[in-house]
Amino acid sequence: MGEQVIVCKELTKRFGDFYAVNNISFEVNKGEIFGFLGANGAGKTTAMRILCGLSYPSSGSATVAGFDVYRQQDEIKKNIGYMSQKFSLYENLTVSENIEFYGGVYGLSRAVIRERSAALIQTLGLEKEAKKLVGELPLGWKQKLAFSVAIFHRPQIVFLDEPTGGVDPVTRRQFWDMIYEAAAGGITVFVTTHYMDEAEYCNRVTIMVDGKIEALDAPQALKQRFGAGNMEEVFYQLARSAKRSSD
Amino acid sequence: MEAVVLDGITKTYAGGKVLAVDNVSLTVKPGELFGLIGPDGAGKTSIFRVLTTLLQADKGSATVQGLDVVKDYQRIRQILGYMPGKFSLYQDLTVEENLHFFATLFGTTIEANYGIIREIYEQLKPFKDRRAGKLSGGMKQKLALCCALIHKPEVLFLDEPTTGVDVVSRREFWDMLARLKSMGITILVSTPYMDEASLCERIALIQAGRIMQIDAPEQIVRSYPVRLYAAKADDIYGLLKDMRENPAVESCYAFGEYLHLTMKSETADAIMALEGFARERGHTGITVKEIAPGIEDTFIRLMNQKTQ
């Protein structure tokens, strides 16, 4: 095992007498693609908000990129990237402006932004679109650009919240190529998805049910343990007993 | 008479600059469960809005139960049920109030057609006094379906009812659709999840406003023109990159645990050749086998043909 970039111990988030996240413990290794799965309402979003420094836990401990989720939220935010399907880029800014904006938010110098921006636009093949509004781009391109922007400041960890929802099957796979590449470059990837074939692309996967982690292992090991042919079957076996359902 | 007919429908936005639906024709038979399968931006919602008389097409014609979507729009609205992709009930009304509202709007009562929604509504009953805005995603979806059904529609239009919903709720929802179908209701449903295609009787694969293929899912899969192979190794990403450099390989995509590959030319020893290539590149734990293609394989192939 290499360096651990996320360490969670008995992490709990309570709203009144409702345990949204109930005593979860896990570690994520540097450069790992870590799949965070669960039924709607299992507590994934709540746990992710804590790990992104957006919400305090009720009890337990966690560090992200070496920073404490109670005391060092600002440090956490500087060292992670975040992308979700629902919100990613400003539709009324151009491709270049979006990149510049995010680079600025993360405190990169103008020179660095210029240099990385040119390289990024070239890698994505968006030279012709650089001055177009993001709102005019097809969804697949937007998602790829959003991911690139989320790791533009070279964070230690990137959190991806259902990054491929609604995307066509070819673009979805190109997106995963980018995830693999980022992980190979040492960025840890923490990802949620409703596509169970994508769970197979993760090094390890957790499945949350009713606030607890019910399973945590490599996809192959989970399939063996549950006697399942694929991850969808594993998920179904674990999640069908869930009592909660909410967003 | 066909339940739904689209004949050469074209729809553009932004003064003709954005082509959303490009000359689409299809028919849905009475009592059929028909799926529109495609990603966001394929034109699925525009087609639904034309058929539900909410949007006029630029070109072409369409009918629902023999009624024209333009001339007979008022009569069509009486006989169709529509569940839009975006939750569109009144958030500040309770579950029961929403249902009552929609029943009244269509000149009927909850009691008159309770038989149709009984199985779905029973699950919502414990929450009948809760405001719709406070329901969970799965519950909202069930309430929206009840409201779309309460006037006993002849044709049901469901626009991405399972998007963003977990595997367990998705299966439940498809079970509900099967029961509605058994009551004789014609259903047109759209989804971006390719694995749901096999639950429909016939499907249309749609991409960038155009229909790529229409048929029964089994037939679509059977029409896959070449042999398909699955391969895996301990380092699957390394194998993906290597196989894409293999001059004999036509296409190579990640598919869950395996890669799916097609060859540029059909040879009897393709499996051995692929295994040999992987070994040469230093891979371990190699498995290669021939497999039956799925809907997603077909979709990818058709998409690539279109863009080439």
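Colleague: How many residues from chain A and from chain B take part in the contact?

Modeller: Chain A puts in 33 residues and chain B 32 residues, where contact means heavy atoms within 4.5 Å. This is a predicted model, in which local features need pLDDT of at least 70 and side-chain atom pairs count only at pLDDT 80 or more, while totals for chains, interfaces and linings use all residues. Residues are numbered from 1 along each chain as its sequence is written, chains are lettered from A in the order in which they are written, and side-chain values use heavy atoms, with hydrogens and water left out.

Colleague: What area is buried between chain A and chain B?

Modeller: About 2700 Å², with carbon and sulfur atoms giving 57% of that. Buried area is the accessible area (1.4 Å probe) that two parts lose on being put together, summed over both.

Colleague: What makes A:Arg173 and B:Glu296 a salt bridge?

Modeller: The rule asks for a side-chain nitrogen of Lys or Arg within 4 Å of a carboxyl oxygen of Asp or Glu. Here the N to O distance is 2.9 Å, and the pair is a salt bridge. The count between chain A and chain B is six salt bridges.

Colleague: Which helix gives the most to the side of chain A that touches chain B?

Modeller: That's α6(A), with seven residues. Helices are DSSP runs (H or I, at least four residues), numbered from the N terminus.

Colleague: Why is α6(A) called largely enclosed?

Modeller: Because 13 of its 16 residues are buried. Buried means under 20% relative accessible area, exposed over 50%, and partly exposed in between (1.4 Å probe, protein chains only).

Colleague: What caps the N-terminal end of α6(A)?

Modeller: A:Asp168 does, with a side-chain oxygen 2.9 Å from the backbone nitrogen of A:Val170. Just after α6(A), A:Gly186 has a positive phi of about 100°.

Colleague: Over in chain B, why does B:Gln141 count as buried?

Modeller: Its relative accessibility is 7%, so B:Gln141 counts as buried. B:Gln141 sits in helix α5 (residues 137-149) of chain B. A polar atom of its side chain lies 2.7 Å from the backbone oxygen of B:Pro161. Leaving aside neighbours within four places in sequence, B:Gln141 is in contact with residues including B:Met83, B:Val165 and B:Phe173.

Terms used. Helix = DSSP H or I, 4+ residues; strand = E, 2+ residues; numbered from the N terminus. Polar contact = N/O pair within 3.5 Å; in protein donor to acceptor, adjacent residues only side chain to side chain.
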